[in-house]
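Reader: I would like to go through a few residue labels and see what each one rests on. Please set the values against the cut-offs.

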Amino acid sequence: MKKIGGSLLIIGAVLLGAVWLVDNAQTFESHYDTYQKLKESELMTQGWVSHVIPNSSYDINETHRVSGGIVTVRFRFQPGDIGGMESRCAILDSNDSTIRRYRCREDVAAVVVRLDASGQGQILIE
């Protein structure tokens with residue numbers, strides 16, 4: 001009985017490890033120093049990074065999972081560079097006056113953009 005239990009535990013561990021490995025193999029991360037470098041990468045035309053990211057963005061970190069469509073983009077930007085956001089997206093209510101949140105409609109999904117007064121931003125695709 002102990003051998004069966006031990007064998008089942010090993011098989012379970014191997015299966016769990018395989019699932020973890022496959023999940024991580026489908027997750028990609030990228031870093032771009034400037035908005036121009038991001039544009040050159042074609043991640044925007046492929047749909048992994050929203051076109052609503054401010055043009056002044058820099059220190060851009062993008063993570064996406066191919067199978068689940070999960071995309072997160074973190075970046076820094078010039079705090080005054082929100083004109084494109086204001087004209088293309090709907091502002092969402094916020095209890096914090098230093099943070100502005102927008103909902104933008106992209107081709108496939110809704111995008112939520114969070115910009116704070118210190119020049120840090122984040123984009124999440126829902």
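Reader: Why is Ser57 called buried in this predicted model?

Author: The relative accessibility of Ser57 is 3%. Buried means under 20%, so Ser57 with its 3% counts as buried.

Reader: Where is Ser57 placed, and what is it in contact with?

Author: Ser57 sits in the loop between α2 (35-41) and β2 (58-65). With neighbours within four places in sequence left aside, Ser57 is in contact with Thr34, Tyr35, Phe75, Arg76 and Phe77. Contact here requires heavy atoms within 4.5 Å.

Reader: What makes Cys89 buried?

Author: Cys89 has a relative accessibility of 11%. The cut-off for buried is under 20%, and Cys89 is therefore classed as buried. Its place is the loop between α3 (83-88) and β4 (90-92).

Reader: How far apart are Cys89 and Val52, in sequence and in space?

Author: They are 37 residues apart in sequence, and the C-alpha to C-alpha distance is 8.5 Å. Val52 is also among the contacts of Cys89 beyond four places in sequence, together with Tyr102, Arg103 and Cys104.

Reader: Why is Gln122 called buried?

Author: Gln122 has a relative accessible area of 15%. Since buried means under 20%, the value of 15% puts Gln122 in the buried class.

Reader: Which element holds Gln122, and which residues does it contact?

Author: Gln122 belongs to strand β7 (residues 120-125). Neighbours within four places aside, Gln122 is in contact with Thr72, Val73, Arg74 and Phe75, and also with Val112, Val113 and Arg114.

Note on methods:
Residues are numbered from 1 along each chain as its sequence is written. This is a predicted model: local features need pLDDT of at least 70, side-chain atom pairs count only at pLDDT 80 or more; totals for chains, interfaces and linings use all residues. Side-chain values use heavy atoms; hydrogens and water are left out. Helices (H or I, at least four residues) and strands (E, at least two) are DSSP runs, numbered from the N terminus. Buried means under 20% relative accessible area, exposed over 50%, partly exposed in between (1.4 Å probe, protein chains only).
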